[in-house]
Amino acid sequence: MNKKSCTALLLSAALLFSPLAVQPAQAAGSSYQFKIITKTDQYSSVYQDAAYMRNGTLYVQLNYLASNYGLEANFDATGKRAGFNGWLKKIGVRDGSKTAVVDGKIVTMSQSAYFKKEKDSKEPGVYVPFKFAVEALGGTYVGYNAKTKVVTAKNLKKHDVVSTSYDGMTYAIEKGGGNVFSWDGKGKPVKIASLQGDLDWVDFKIRSTPKGLVLFSISNSYGEPHINSETYQLLFKEGKLIRQNHADFGWGRSDLIDTYNGQILMNDGKKLRLIEDGTGNVAETLDLIKLGNKGADQQYSIEAMDDDMLLIRNSHDYQLAVVDRSSGRSVVLYKEVLSSAEQQNVDIDSGGGPMGSGDGLTYEKRVGNILYFTYNPLSDSGKRTVTYDLSKLINK
């Protein structure tokens with residue numbers, strides 16, 4: 001199962017194609033199908049639904065197709081004109097006309113659009129030639145297989161975004177591909193960065209640092225039922241992108257902090273970089289793989305930090321460790337603060353995936369050298385406070 005596409009389908013055979021408009025005229029029916037193939041470096045998927053033959057041309061209902069790629073439909077008062085609008089995409093068609101408007105340009109379709117009243121819908125179904133719909137949505141028409149009655153296209157572009165406003169500007173991220181734009185509401189949006197990946201459930205925050213840098217923090221949940229998490233960080237200075245960071249924690253927890261002692265923390269899961277505010281320079285780099293001491297294929301999130309210690313959680317077994325920043329020594333905390341029976345439960349549960357309880361430890365606070373944690377295992381009602389004396393590690 002590949003990242004961000006838990007329902008990914010790989011094509012097993014090539015289609016044999018012939019020209020689209022080769023069938024005799026017949027009434028609209030659902031014995032025809034369309035397939036839209038999407039391939040990226042990360043996954044392949046196929047979206048398919050009914051196509052309809054009319055006067056020798058295969059049509060598709062634009063309402064459903066456009067909504068799948070992030071566009072919303074609206075109609076004029078007569079119900080004879082329809083607009084489909086999304087991020088950086090506008091399509092306009094009229095019932096009975098070959099003329100359409102795509103992103104402000106007039107386009108002539110091979111056949112006229114037609115509108116049809118649909119059951120259980122106040123809005124009519126808008127039907128347009130499949131080839132026009134594909135190209136209007138930024139895709140490539142491939143061809144028609146007369147034997148299987150399947151028409152195929154590829155790589156249509158999604159036009160849905162997540163956006164936020166900050167300091168008088170609108171910032172938007174395209175969910176398909178992860179391009180990031182800024183927009184002043186007047187001219188055209190300007191691309192300022194790319195996350196180079198598809199997004200699903202997104203939380204997008206922007207803040208300024210005390211010395212004038214601007215940090216974009218983007219969290220994305222993906223997979224089903226959206227139990228996997230990844231984070232992106234974009235750091236700007238005077239409007240220019242100076243640093244970019246990505247960490248994919250899978251089902252593990254994302255970083256709980258992103259600043260410490262006036263510095264910006266940028267963690268890619270393997271290395272933690274402490275970024276100097278104002279300049280954006282790297283002040284210090286911590287090797288989390290070395291500090292965690294569990295192998296090169298691990299990922300770590302940051303839960304707490306101090307001058308002398310660091311709390312990191314492994315995203316594979318979900319176990320929390322404390323690191324002595326001076327010596328680089330670390331200990332896995334559940335082995336220090338839980339009973340033998342509780343440790344055995346953690347050992348059994350290690351690597352149990354998102355439905356497991358991990359070590360059940362949540363960091364609460366520090367008083368002197370004493371670290372306080374809440375222990376709350378999913379399989380047990382024995383919620384309680386446990387402590388660890390940091391001096392045992394620092395003075396070791």
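View 1. Strands are DSSP runs (E, at least two residues), numbered from the N terminus, and two strands pair if DSSP finds at least two bridges between them. The hairpin of β14 and β15 has four residues between the strands, and G177 adopts a positive phi near 100° there. Strand β15 (residues 179–183) is largely enclosed by the rest of the structure, because four of its five residues are buried; buried denotes under 20% relative accessible area (1.4 Å probe, protein chains only).

**View 2. Strand β15 and its pairing with β16.** Strand β16 (residues 190–194) is joined to β15 by four bridges, and the two run antiparallel. Opposite N179 stands S194 of β16. Six residues lie between β15 and β16 in their hairpin, and G185 in the turn has a positive phi of about 85°.

**View 3. The open sheet β17-β18-β19-β20.** Four strands in this order form an open sheet with antiparallel pairing. Its edge strands, each pairing on one side only, are β17 (201–208) and β20 (240–250). On average, neighbouring strands of the sheet are turned by 15° against each other, direction ignored; the axes are lines fitted to C-alpha atoms. Eight bridges connect β17 with strand β18 (residues 214–222) in the antiparallel sense. D203 has S219 of β18 as its bridge partner. In a regular strand, side chains alternate between the two faces of the sheet.

**View 4. The surroundings of S301.** S301 is part of strand β25 (residues 300–305). Its relative accessibility is 1%, and S301 therefore counts as buried. A polar atom of the S301 side chain lies 3.0 Å from the backbone oxygen of R253. With neighbours within four places in sequence left aside, S301 is in contact (heavy atoms within 4.5 Å) with F249, R253, S254, D255, N267, L311, I312 and R313.

**Notes.** Residues are numbered from 1 along each chain as its sequence is written, and side-chain values use heavy atoms, with hydrogens and water left out. As this is a predicted model, local features need pLDDT of at least 70 and side-chain atom pairs count only at pLDDT 80 or more, whereas totals for chains, interfaces and linings use all residues.

Methods:
Buried means under 20% relative accessible area, exposed over 50%, partly exposed in between (1.4 Å probe, protein chains only). A polar contact is a pair of N or O atoms within 3.5 Å; within protein, one must be able to donate a hydrogen and the other to accept it, and residues adjacent in sequence count only if both atoms are side-chain atoms. Axes are lines fitted to C-alpha atoms, for helices over the stretch in contact, and angles run from 0 to 180 degrees between N-to-C directions.
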